[in-house]
Protein chains: 4
Amino acid sequence: MITLKDAKRIIEAAEVKAAEIGQPMNIAVADAGGNLIAHARMDGAWIGSIDISIKKAYTSRAFDIATKDLATHSQSGGQFFGIHASNDGKIMIFAGGIPLKQDGKVVGAIGVSGGSGDQDHAVAEAGAAAL
Amino acid sequence: MITLKDAKRIIEAAEVKAAEIGQPMNIAVADAGGNLIAHARMDGAWIGSIDISIKKAYTSRAFDIATKDLATHSQSGGQFFGIHASNDGKIMIFAGGIPLKQDGKVVGAIGVSGGSGDQDHAVAEAGAAAL
Amino acid sequence: MITLKDAKRIIEAAEVKAAEIGQPMNIAVADAGGNLIAHARMDGAWIGSIDISIKKAYTSRAFDIATKDLATHSQSGGQFFGIHASNDGKIMIFAGGIPLKQDGKVVGAIGVSGGSGDQDHAVAEAGAAAL
Amino acid sequence: MITLKDAKRIIEAAEVKAAEIGQPMNIAVADAGGNLIAHARMDGAWIGSIDISIKKAYTSRAFDIATKDLATHSQSGGQFFGIHASNDGKIMIFAGGIPLKQDGKVVGAIGVSGGSGDQDHAVAEAGAAAL
């Protein structure tokens with residue numbers, strides 16, 4: 001189980017990485033049910049990314065997969081093309097979401113949005129490492 | 001007409017197949033109107049697949065077609081590209097939904113989600129065979 | 001202005017064509033504001049096509065274009081890719097919708113769904129010709 | 001900060017350009033929060049473009065980017081493919097939206113819809129230049 005204290009520590013670690021990269025980000029942490037525990041929008045981060053960060057976290061938990069990996073199957077021609085239309089618009093199929101694990105079990109997820117796909121994923125990894 | 005008893009038998013047959021494959025699944029059965037009769041989420045199955053299984057069943061009945069076959073026409077460049085935006089987000093255009101027939105007539109549909117497209121379709125077939 | 005009497009005549013002409021083709025269809029007629037005047041679901045037509053026929057009519061009037069032509073610009077890589085996400089899910093970007101004209105002015109639209117793209121378009125043309 | 005007076009001046013400049021091109025347009029101006037300040041539908045402009053113009057303005061501010069540039073990353077295979085499914089259907093990923101800047105800072109955005117992608121973008125630029 002991820003506590004609010006855990007979530008804040010994860011977000012702070014992600015913020016450090018984002019500052020290092022020099023790109024302000026939206027960072028969200030969800031619990032095992034896919035529900036938001038905490039979110040932070042760094043000063044200057046895109047307002048369109050608030051929603052995306054929260055939904056990347058949801059998506060990563062919804063399918064226990066990094067959204068970066070879900071993306072590879074969800075382009076036109078892929079076996080999951082169209083999955084973005086499911087779950088009432090909560091599915092994000094591009095990089096930045098990562099499941100959070102404890103003892104090999106998924107207990108939640110982090111979602112990051114605010115830069116390129118590679119930047120979002122790197123910041124999410126930094127956050128996940130803090131759990 | 002598919003009774004609740006039929007639906008439960010279909011779901012149980014699908015569960016057996018999913019267990020055989022070793023991949024927990026969400027399984028849904030809809031009636032001739034596309035409305036849900038019963039659903040089961042096997043332990044450990046993705047929570048994002050609850051919605052998808054129900055909507056694959058709806059889609060299969062909505063167009064009297066396996067969602068696997070609908071997929072072939074719904075990619076970018078295909079004659080039905082954009083169909084996923086219809087019916088208020090209830091259309092799933094990837095494998096796992098199959099119409100249920102009695103005496104050659106569609107009386108409902110099964111929708112399965114929880115693994116790869118091939119796995120979902122195989123489990124749906126096992127369920128459909130139990131009607 | 002299209003009256004209800006006009007709309008019924010249009011729908012009946014479309015039904016004749018659909019029967020000729022041997023494919024039951026959903027047929028919808030919208031007014032100059034894109035609002036539905038009348039709809040008919042032929043016996044045996046897909047229930048998923050009810051919504052599509054109404055939205056094809058809306059789309060044709062919304063952009064004064066056949067949805068078949070809108071499709072050519074709305075695939076991945078096209079200049080309008082993503083337009084299906086606008087107008088709260090009412091935009092259909094595949095064949096079957098045609099604007100209805102009087103004295104060269106668009107006064108409404110017809111939308112048809114129930115078969116292949118070519119079939120839908122042919123039935124819509126037959127309906128439009130009855131105005 | 002963009003005042004209503006500013007927004008009206010921007011819209012009028014855009015209208016002049018649209019008239020020059022000979023294509024009636026929908027033009028929308030949003031504030032720094034992405035919220036609409038003013039909108040104008042030129043006589044004869046597509047009704048489906050009302051919504052699109054408002055959402056192009058929102059999108060440009062949401063990500064501080066011209067929607068034309070966002071488009072290049074949002075096609076199938078691109079790093080942001082699927083972004084159109086975020087923000088509850090408010091994201092438009094085709095040309096016609098431009099951020100509005102004062103002293104190098106984004107203070108709002110203009111969104112234009114009613115013609116080809118190139119036309120929409122040109123009219124948006126003419127509007128933006130009036131700030």
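This is a predicted model: local features need pLDDT of at least 70, side-chain atom pairs count only at pLDDT 80 or more; totals for chains, interfaces and linings use all residues.

Residues are numbered from 1 along each chain as written, chains are lettered from A and ligands numbered from 1 in written order, and side-chain values use heavy atoms, without hydrogens and water.

Chain B first. 19 of its residues are in contact with 22 residues of chain A; contact means heavy atoms within 4.5 Å. Trp46(B), Ile47(B) and Phe94(B) supply 35% of the area that chain B buries against chain A. Buried area is the accessible area (1.4 Å probe) that two parts lose on being put together, summed over both.

How many salt bridges between chain B and chain A? The count is one. Asp88(A) and Lys55(B) make it, at 3.6 Å, N to O. The rule is a side-chain nitrogen of Lys or Arg within 4 Å of a carboxyl oxygen of Asp or Glu.

Helix H2 (residues 48-62) of chain B gives the most to that side of chain B, with five residues. Helices are DSSP runs (H or I, at least four residues), strands likewise (E, at least two), numbered from the N terminus.

Now the backbone. Most residues other than glycine have a negative phi. Asp88(A) has a positive one, about 50°. Asp88(A) sits in the loop between helix H3 (67-74) and strand E3 (97-102) of chain A. Asp103(C) also has a positive phi of about 50°.
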